[in-house]
Amino acid sequence: MDDRYGGTLDLERHSAALARETLSLQQNGTASSRIRSELYAVAAAFATSAMWAAIDGRRLDVAQDHLNQAVTLSGLAGDSAVQFRVWGHASALYYQLGRHTDAMAASEASRATAITRRDPLFASLALARLAVDHADSGDAKAALRTLDQAQEAFDRADQSLRRPAWMRFFDQAELDNLATFAYLSLGQWVEAEHRAHRCLTGLRPDLERNRALTRANLALAQLGQGDIEPAVATAQAVPAEMARQGRVRKILGDFTHRLNAMAPDTHEAHAWLDHRTAIA
């Protein structure tokens with residue numbers, strides 16, 4: 001559901017219901033401490049899925065409630081992979097809220113979990129997210145250094161290892177997607193466009209929300225270079241259903257604002273306004 005549609009309200013509610021169902025199992029029967037820890041880990045994973053759906057759908061107030069539950073449950077579970085996921089999504093939430101110091105702290109907490117020391121793929125994801133935080137704070141040197149470290153860790157990772165199902169999304173295309181966000185924040189438009197194109201080339205066909213997100217970012221990168229006509233064409237290529245999705249809608253809103261500031265009276269700007277009105 002997340003791969004195809006993004007953070008819908010149905011996905012959030014379904015995940016939250018599964019978290020409640022898992023927690024109810026703790027109240028029935030007897031089990032070893034290991035099994036109880038695993039149940040807490042499963043409940044934490046579902047709570048984190050609910051949090052992510054709310055973040056992706058831009059329902060940020062309720063996402064904070066899911067975060068509080070996920071932090072508690074992951075602490076009870078003592079599962080470093082789940083804790084990694086919770087703090088990684090917390091960083092995304094704080095980023096969306098404009099709380100950049102908290103986003104950085106959450107990314108550092110994710111990077112500090114034990115799983116990143118055991119598995120370079122987790123380390124790569126943590127470093128890539130941290131690079132986005134550095135870029136958002138304007139620290140280009142740290143952002144570029146951390147992106148290089150993320151790529152090095154990714155190249156060292158054993159792709160054949162069995163990992164949690166939610167980690168399946170993280171591949172070279174997703175690393176390029178995160179790099180695109182970083183380069184956009186730094187205003188390095190050419191590199192942002194390069195990474196966006198590379199992401200789209202390698203992206204799995206089933207990741208429809210991520211494809212829309214990357215196209216929206218690609219439009220921003222092209223606009224940043226003054227390439228108005230291709231930028232508008234790229235933005236218009238985002239499917240209407242995805243253009244209404246939370247994070248994609250926000251990026252396209254940023255695109256609209258920048259286009260109007262840069263070239264408000266052009267044919268392309270009017271065509272984009274008509275397109276936005278038609279799909280609203």
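Mentor: A helix here is a DSSP run of H or I with at least four residues, numbered from the N terminus. The model is a predicted one. Arg85 belongs to helix H5, which covers residues 80-97.

Trainee: What makes Arg85 a residue with no salt bridge?
Mentor: A salt bridge requires a side-chain nitrogen of Lys or Arg within 4 Å of a carboxyl oxygen of Asp or Glu. For the buried Arg85, the nearest side chain of opposite charge is Asp2, 7.2 Å away, so no salt bridge is assigned.

Trainee: Which backbone oxygen does the side chain of Arg85 reach?
Mentor: That of Ala45, at 3.2 Å; the limit for a polar contact is 3.5 Å, so the pair meets the distance criterion. Beyond neighbours within four places in sequence, Arg85 is in contact with Ala45, Thr48, Ser49 and Trp166.

Trainee: Why is Thr146 called buried?
Mentor: Its relative accessible area is 3%, and buried means under 20%, so Thr146 qualifies. Thr146 is placed in helix H9, residues 140-156. Not counting residues up to four places away in sequence, Thr146 touches Leu127, Leu130, Ala131 and His134.

Trainee: How do you know that the reach of H15 is close to the expected value?
Mentor: Helix H15, residues 246-262, has 17 residues and spans 25 Å from first C-alpha to last, against 24 Å expected at 1.5 Å a residue. At its start, a side-chain oxygen of Gln245 comes to within 3.3 Å of the backbone nitrogen of Arg247. The buried residues of H15 include Arg247, Val248 and Phe255.

Definitions and conventions. Residues numbered from 1 in each chain as written. Predicted model: local features only at pLDDT ≥ 70, side-chain atom pairs only at ≥ 80, totals over all residues. Heavy atoms only, no water. Helix = DSSP H or I, 4+ residues; strand = E, 2+ residues; numbered from the N terminus. Buried < 20%, exposed > 50% of the residue type's maximum accessible area, 1.4 Å probe, protein only. Lys, Arg positive; Asp, Glu negative; His and termini not counted. Polar contact = N/O pair within 3.5 Å; in protein donor to acceptor, adjacent residues only side chain to side chain. Contact = heavy atoms within 4.5 Å. Expected span 1.5 Å × (residues − 1).
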